[in-house]
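Hi,

Here is the structure I promised to pass on.

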Amino acid sequence: MKGLFFALWMLVRRELLLAFRHRGELANPLLFFLMIVTLYPLGVSPEVDLLRRIAPGVIWIAALLAALFSLENLFRGDYEDGTLEQMLLGVYPVPLLVIAKILAHWLVSGLPMLLLAPLLGVLLAMPPAAIAAMELTLLLGTPVLSFVGAFGVALTLGLRRGGILLTLLVMPLYIPVLIFATNAITAASAGLPIEGQIYFLAAMALLALTLTPLAIAAALKISVS
Amino acid sequence: MGILTARNLECVRGDRALFSQVGFTLSPGCLLQVEGANGSGKTSLLRILAGLSRPAEGEVLWRGRPIAEYAIDYQAEMAYLGHALGVKADLTALENLLWFLPLAGIRLSETAALTLLARVGLAGYEDIPARKLSAGQNQRIALARMLARSALLWILDEPFTALDIDGVALLGGLLDAHLAAGGMAIITSHQPLLVSCLIEKLVLS
Amino acid sequence: MWRFFHKLASPPYFYSLSGKFIPWLGALAALALLAGLYLGLVVAPPDYQQGQSYRIMFVHVPAAWMSLALYTFMAAVSAIHLIWNIKLADVMVRSSAALGASFTFIALATGSLWGKPMWGTWWVWDARLTSELILLFLYLGYIALVSSIEDRRVAARAGGLLLLVGVVNIPIIHYSVEWWNTLHQGPTVTRFDKPAIHLSMLTPLLVMMVAFKLFAATVILINARAEVLERERRSAWVKELEL
């Protein structure tokens, strides 16, 4: 048991260290997030009332795309240099290793999105109540995006042009999160209670955390074989 | 007394069977060399034996139990070194040892790691990122990692390819020591093996 | 009983058995289809609210039902393949994929045709149609994944895993879309309310459901036989067949 915790801890530390050694690349998904949001006023209309109304959807769609963008290389490096094989040939259950890896990834990709989002909210003229709700939905929702996205990544790992296929596979699974998160923010702007939506998001987060690692581990084994 | 048994293994690529009805038994102190032309399925066979791929037919048994069902027990006693070494280019040689072995259940102190690296001829290179080391040196890092695991069975896919003359001699010595201590090994290699122990050969046609 | 299933999993036995069934299934399907269409288009009275245009329901509802039923069938058979490693199970899944996607497309197209006379637009973001559209993406995703993996056995396992994850998500997606739809109801109710089900309308609907099922079974078996022939083309029993 102690060996397991140490192994997981070292895995998280290693992932964070590797991410830090490529810190230039860490900013890319965040820039992507920012760019997509910027495109909406330019492409639709900068009118404040309109922006305020579409802000929840804009932020969350941008978040979905940025999450997929950042997940594409989640396993690729390990797959190519043989580290993934060694992980699968270790002595600890792969689903636990997967949780550690995705947690580390979320710390460097999901968490910064949470920190950047209020700025984007200001760009889209969101009231403070909406921004607070947005942060809460992102806190609960981005882990779901990470885990479900990681499943798609694991499934398309060996494929050459996996990126487009990844989007097709994962987007239907993201839709429930999108629906409930955006509605929570809209309801919060109108001063309505949002417990129901938050509970649903929390339930999805728990479901993702407990069930997807098994599917991801199975997908990794399939991709490596 | 055989510990590793392979029975009736068949590997299919596309429509053709690369090989079929492959079987053997391995006992402590044995080294099995897998030979065959390019594309005859040597790497595929080793991956099946390591448990990374599933054979189209047949099974692999470790201590009498199928490795497909008792994977973790098997993996605790087996070390696999494939074409992709599993060495992270952005980590130093020392970091590669210290941060990977916990996954195999091994907690190495820094001094022990340094000793291992010296044993494989990387003394003085411990703090250099692996991307700045040569292919042969990367291979040595992978060998050090394998040594630390003290696994009973070594499965090595063309381990001599990137090594220089010293490296070849080093690996030969390590294999000798391993087999003399009761270990087992399965190797593919294009070069003649310079080991002093008994070699069984398996030829894939 | 188990021995029958065991025998069924053997390709040559499946090939000969399905060969005997297909003509009967096909004939029954054609009969049911004709009967259903006659009952639905000629015998059933026009709806008091929707007039004649409701009749497209006799194609739309069975198609939508089949699209979901086939996806669940594919997921269940994939589970069988993943657990017991029966190759024929994967053949059945592959043979159903394109048909399932087609049913989904038909459901969407007929749904759109149904909507035009009622609401004046070719597409409405109604809960059922939106769910159906997402189901189409799930089908296309499966087909795309399986076609892009070269090794057939790996493709079978990857696709099967995707179907299992998809089938678990379908209720979640469906519920979410239903909920989303209730939030955005316009002043006019845009749900495809089935007209009050009178026996004269229920009968053709049920007959069409059965017809679609028989049709699906026929097509899947035909596809599966072709797939089995292709996969086993080098084996002795195929060479002995007089083709």
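The contact between the two chains draws on 23 residues of chain B and 22 residues of chain A, where contact means C-beta atoms, placed from the backbone, within 7 Å. On the side of chain B that touches chain A, α2 (71-76) and α3 (93-100) of chain B are the elements giving two or more residues, and α2(B) gives the most, with three residues. (Helices are DSSP runs of H or I with at least four residues, strands are E runs of at least two, numbered from the N terminus.)

Before you dig in: this is a predicted model, with local features needing pLDDT of at least 70 and side-chain atom pairs pLDDT 80 or more, while totals for chains, interfaces and linings use all residues. Residues are numbered from 1 along each chain as its sequence is written, with chains lettered from A and ligands numbered from 1 in the order in which they are written.

Now the sheet. Chain B has an open one of five strands, ordered β6-β7-β8-β3-β9 with parallel pairing; strands pair if DSSP finds at least two bridges between them. β6 (78-81) and β9 (199-204) of chain B each have a single partner strand, so one side of each lacks a neighbour in the sheet. Six bridges link β3 (residues 31-36) of chain B to β9(B), and B:L31 has B:I199 as its bridge partner there.

Helix α1 (residues 42-50) of chain B lies across β3, β6, β7 (153-157), β8 (184-188) and β9 of chain B, at about 155° to β7(B). Helix α6 (residues 165-180) of chain B also packs on the sheet, touching β3, β7 and β8 of chain B, at about 145° to β8(B). Axes are lines fitted to C-alpha atoms, for helices over the stretch in contact, and angles run from 0 to 180 degrees between N-to-C directions.

Cheers
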